[in-house]
Amino acid sequence: MRLYLINPFNPLVSLADTKRSRWNRYRVWKPLGLLVVAALTPPDWDITVFDENLSVPDYDALPRPDLVGVTAFTSQANRAYEVADAFRRRGVSVVIGGIHATMCCDEALEHVDSVVAGEAESIWPTVVDDARLGRLQRVYAGQHVDMAEVPPARHDLLKGGYAFGSIQTTRGCPLNCSFCSVSAFNGNDYRHRPIDDVIGEMRTIREKLVLLVDDNLIGTSPAHIERAKDLFRAMIQARLGKAWIAQATINMGDDEELLALAARAGCGGVFIGFESPTAEGLAEVGKKFNLRKGRDLRQSVQRIQRHKILVAGSFIMGLDTDQPGIGNKIASTAKTYGVDMLNALFLTPLPGTRLWDQMKSQNRIAANDFPGDWQYYTLGFPTAHYKHFSWSGILEEMIACNGRFYSRWQTMRRIVGNFLRRRRPLISLASNLSYRNNARLTQRNYGMLDVLQGGRGAIRGG
Ligand code: SF4
């Protein structure tokens, strides 16, 4: 039995286009979910994983598979359906999983034979057995699993082309930000993989650089922090020889022991969601956690950086509390906090989030010609009716933000500063140039939006 597992591309996500910018190689990760699905598949299946981010195969020229599995974030959904439709025209059964199909199950069922909703671990062996017997069900409901049931991903199935390997150590997040679908998909129950499993899988990753894909590596409670310390101690003891980056909350800067252990374990950088430069904005998105106990965000960033860990700060633009000038405000706030990279994103109502429910009820979903418009849901394009901005207005804010933070002078200043402080200079160089280049590529893609071409007037924001 032959199984193809496919990660669809999105033509607008320039960060995945490694041909247009070699720096983007540092922003493309292996599709870890498919590699876990491969590990759950019985050994008599012949599995090939295709990551369209690296190249799009001519599927017609390949041997006909018995089953196709596709995964998709929302921004990949349209391409996932194209791939599924093409295989089904050839009489091949197609199963889709992942967060978008879980949240938009009825839509996905128009293009596939089956949807795996939720986490695949509890149900995938049944899916492949049913496929073998020709009795696929329409929907398989995956349950939240005990993380001890997550097998090591089949990293051997995707070789070459990636700067980073990837691994997951926790699932879920104790917080519940309005724009985020992690809790809807993985639940509020913050779950940990057994540390031995993580270390064992780490050893199978060829790449020296690794992305820990956890939505929140360290968690928020004292028990979460202790578990993170135990993980880092085990990584140190195992002498893995990897440098890794991860997503975490700003409380990472509260604990010197945690930071010292993370650095010794190979932590080279963390993505931290600052979300908004204002207290009102943080309240709007449900992340007052950032300011808990009067936290000084600049000092938190500096404490992390003192351990030679870079900080990439993420901010969202287009909140109801944002006013004209927000682009410059985010850039200057990011500079004040002293982050090494800035990741500015448009407020995007993703299916499954509270934000989606709210904007849908208020008729504010502007890019709504689905499934085609899902391609704009990368967080790099405006998709909603924003309270204080037209689309052209918010695009100008984004251009101003990136232009200021990633000006040649500011970018050089950060890179040289990190060289002089010996703070991960190569990661700083690659990341800054990648972000800078990606901002320019994405800006060029803005011209594809109908609103700028005077096209679909009905979806103007404002
Ligand atoms: S802290 Fe991050 S992962 Fe957790 S709910 Fe907020 S955005 Fe999602």
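Author: Start with one definition. A residue is buried if 20 or more other C-beta atoms lie within 10 Å of its own, exposed if 12 or fewer, and partly exposed in between, with C-beta atoms placed from the backbone. This is a predicted model: local features need pLDDT of at least 70, side-chain atom pairs count only at pLDDT 80 or more, and totals for chains, interfaces and linings use all residues. Residues are numbered from 1 along each chain as its sequence is written.

Now take aspartate 51. With 21 C-beta neighbours inside 10 Å, aspartate 51 counts as buried. This residue lies in strand S2 (residues 46-51). Helices (H or I, at least four residues) and strands (E, at least two) are DSSP runs, numbered from the N terminus. Which residues does aspartate 51 touch, leaving out those up to four places away in sequence? They are Asn7, Pro31 and Leu158. Touching, or contact, has a cut-off: the C-beta atoms of the two residues, placed from the backbone, lie within 7 Å. Look at asparagine 7 in particular. Aspartate 51 and asparagine 7 are 44 residues apart in sequence, but their C-alpha atoms are 4.8 Å apart in space.

Step back to the whole chain. It is divided into domain 1 (2-141) and domain 2 (163-448). These bounds come from an automatic or database domain assignment. The C-alpha centres of the two domains lie 26 Å apart. Their contact takes 26 residues from domain 1 and 29 residues from domain 2. On the domain 1 side, helix H2 (77-89) and helix H3 (99-103) each supply at least two residues. H3 gives the largest share of that side, four residues. By class, the side of domain 1 that touches domain 2 has 12 nonpolar, nine polar and five charged residues. Here Ala, Val, Leu, Ile, Met, Phe, Trp, Tyr, Cys and Pro count as nonpolar, Asp, Glu, Lys and Arg as charged, and the others, Gly among them, as polar.

An unreviewed entry gives "domain: B12-binding" for residues 64-138. The end C-alpha atoms of that span lie 22 Å apart, and the span is 43% helix and 19% strand. An unreviewed entry also places "domain: Radical SAM core" at residues 159-382. There the end C-alpha atoms lie 35 Å apart, with 34% helix and 18% strand. UniProt positions use the numbering used here, feature names are shortened, and annotations may be inferred rather than shown by experiment.

Go to strand S7 (residues 164-167). Both faces are covered: Phe164 and Ser166 on one side, and Gly165 and Ile167 on the other, are all buried. In a regular strand the side chains alternate between the two faces of the sheet. S7 runs parallel to strand S10 (residues 209-212), joined by four bridges. Two strands pair if DSSP finds at least two bridges between them. Glycine 165 stands opposite valine 210 in S10.

Next comes the ligand. Among the residues around it are Cys173, Cys177, Cys180, Asp215 and Gly273. A residue is near a molecule or strand if its C-beta atom, placed from the backbone, lies within 6 Å of it. By class, this shell has five nonpolar, five polar and one charged residues.

Leucine 240 is partly exposed, because 18 other C-beta atoms lie within 10 Å. It lies in the loop between helix H8 (222-238) and strand S11 (243-248). Leaving aside neighbours within four places in sequence, leucine 240 is in contact with Met202, Met235 and Gly266.

Last, the backbone. Most residues other than glycine have a negative phi, and most peptide bonds are trans. Glutamate 275 has phi near 70 degrees, a positive value. This residue lies in strand S12 (residues 267-275). Glutamate 275 is buried, because 25 other C-beta atoms lie within 10 Å. Arginine 422 also has a positive phi, near 55 degrees. It sits in the loop between helix H15 (408-420) and helix H16 (425-445). Arginine 422 is exposed, because 8 other C-beta atoms lie within 10 Å. The peptide bond from phenylalanine 370 to proline 371 is cis, with omega near 10 degrees. Proline 371 lies in the loop between helix H13 (354-361) and helix H14 (391-405).
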